[in-house]
Amino acid sequence: MEGWEKVFVSDPEFPTSVHGKRGCVTCHSGNGAFADKDKAHEGVIREPDSTEACRKCHKNVEDDAHSLHSTLRGYETVLQQRASTETLPKIMEEAFGNHCQNCHTSCGQCHVSRPTNLGGGLTAGHQFKKIPPMNLTCTGCHGSRIDMEYKGKNEGIPADLHWTKGGLPCFECHTADQMHGSEDSEKNHRYDGAPTPACQDCHPTVESGPAEHTPAHLENMACQTCHVAEYKNCYSCHVQKSEDGVPFFKIEPSVMGLKIGYNPEPSDERPWKWVVLRHVPIDPKTFEYYGDDLLPNFAARPTWTYATPHTIQRRAPQAETCNNCHGNSEIFLTKDDLLPYEIEANQGVIVDQANIPAAK
Amino acid sequence: MNQIPSILKPGMLAVCTLSMAGLVMACGTTSPSTPAAQAEKIIEIAETPSPKLVAVVSPTALSTPTTAPSPTSSATPTIVPSPTSSPTPTTVPSPTVAPSPTSSPTVVISNDSCIQCHTDKEQLIATAKEEEVVEQLSEGEG
């Protein structure tokens, strides 16, 4: 968007709308009594504080304090595990702000404008959209994995059935309550607690489904194990700053693939033995620019992690025959799939040849 | 009948009177007498749905003298009463409300220019500052 376009209040009804009647300065400060641009913008707040500007009327905005979109708690959770009490403050001191914090989003960055991380800009002439525009907000940030997978933009990989057959936008499955966070609990990461949404929420009769839906399969395998196509795996993100102090990252080329392994985070809500695993972009030297050995407990978490890819199929290639999985070591994550630096970290999720289900 | 305070001279009285009158006419209200009352007034007005706000700011925050009455800017020689004229008691400002360098002048905070400019495409194109294009150094899919 052009600079002027980002701030163009093109909606003629906005000034007389509920929000417009509050007056610009109520949320943005500044002073429109001055015709001079610089004076009018003195003290202006481009991104109003959600809790201050929104909570006056929207009392449930307090929930937002528990939203992973707002807190970025998921990042902190994994960094706490991989770092130490000595090194975590060093990461949080500068690197986190430079490379992670900009993924934060506020009320306005979805409901009024594009997220600041994407350059901002009003999405609908300053209309407050109860349902944010999916392409400019949701997949604007969740692009390289979710958007490309869901819409079939990865060459040779089919789009998600929910998109091709149902045309379902994000909010059909991911409700506002889920995206805003729960009022009574703070999640440590996005897979903390029960699946939201769960497949059975819309498909309650899976137990009476096809022959492959045996009790053993349903009990031991996450739905995705059979019902997703290949998805994106990323490796070795390194973060640093340019000579001018501009933060940037480098990630090695992504690889499409699918690996089944042991569930790294079994719980009452996610009890399955087998799940699909995605490689996440991390390595022991990710923060090397900011200090030596800042992830001394790198092996505390696997680099192949619990995944819910958005390439869902009625019958994915691995489910076309029994022996696409049974006896097929290629589809399971084994030690041979690991890079030297991650062997220890993934001991809990890799499958020994002896434990691969036998061929039928 | 009230006595005119000895620190005020007739000429000053007229200037002060006109200044105060101008202040009242411009703002429609006078500043609350205490900081707490001032803050309360700001909040009260700010929370009304009216698009105009009134706020008290320090003299240093004023950008143009037209919004801040000063003892010397509101009167012209033609309307300054002669020393022989007798101001009526009702127009005599008390020392406690007379503008002084240490009192808090009142300025109008408005949304008028905000809306006027941000709904005018041509004006925005003419005045918006294009953001600096930062060279993209990152590599790979974020």
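User: Before we start, what should I know about the numbering and the model?

Analyst: Residues are numbered from 1 along each chain as its sequence is written, and chains are lettered from A and ligands numbered from 1 in the order in which they are written. This is a predicted model, where local features need pLDDT of at least 70, side-chain atom pairs count only at pLDDT 80 or more, and totals for chains, interfaces and linings use all residues; side-chain values use heavy atoms, with hydrogens and water left out.

User: Which residues of helix α7 of chain A are buried?

Analyst: Buried means under 20% relative accessible area, exposed over 50%, and partly exposed in between (1.4 Å probe, protein chains only). Helices (H or I, at least four residues) and strands (E, at least two) are DSSP runs, numbered from the N terminus. In α7, residues 88–99 of chain A, the buried ones are L88(A), I91(A), A95(A), F96(A) and H99(A). Looking down the axis of α7(A), they fall within an arc of 105° (taken from the directions from the helix axis to the C-beta atoms), so they line one face of the helix.

User: What do those buried residues pack against?

Analyst: Contact means heavy atoms within 4.5 Å. The buried residues of α7(A) pack against α6 (73–82), β1 (231–241) and β2 (247–257) of chain A.

User: How many salt bridges are there over all chains?

Analyst: A salt bridge is a side-chain nitrogen of Lys or Arg within 4 Å of a carboxyl oxygen of Asp or Glu. The whole structure has ten. One of them joins the side chains of E149(A) and R278(A) at 2.8 Å, N to O. That pair links helix α10 (residues 143–150) to strand β4 of chain A, 129 residues apart, and both partners are buried.

User: Where do E265(A) and R301(A) lie?

Analyst: Their side chains meet in a salt bridge of 3.6 Å, N to O. E265(A) is in the loop between β3 and β4 of chain A and R301(A) in the loop between β4 and β5, so the pair ties together parts 36 residues apart in sequence. E265(A) is partly exposed, at 25% relative accessible area, while R301(A) counts as buried at 12%.

User: What about R270(A), which has no salt bridge?

Analyst: R270(A) is found in the loop between β3 (259–262) and β4 (274–279) of chain A. This residue is buried, and the nearest side chain of opposite charge, E269(A), is 6.3 Å away. (Lys and Arg count as positive, Asp and Glu as negative; His and the chain ends are not counted.) A polar atom of the R270(A) side chain does lie 3.1 Å from the backbone oxygen of Y191(A).

Definitions and conventions:
A polar contact is a pair of N or O atoms within 3.5 Å; within protein, one must be able to donate a hydrogen and the other to accept it, and residues adjacent in sequence count only if both atoms are side-chain atoms.
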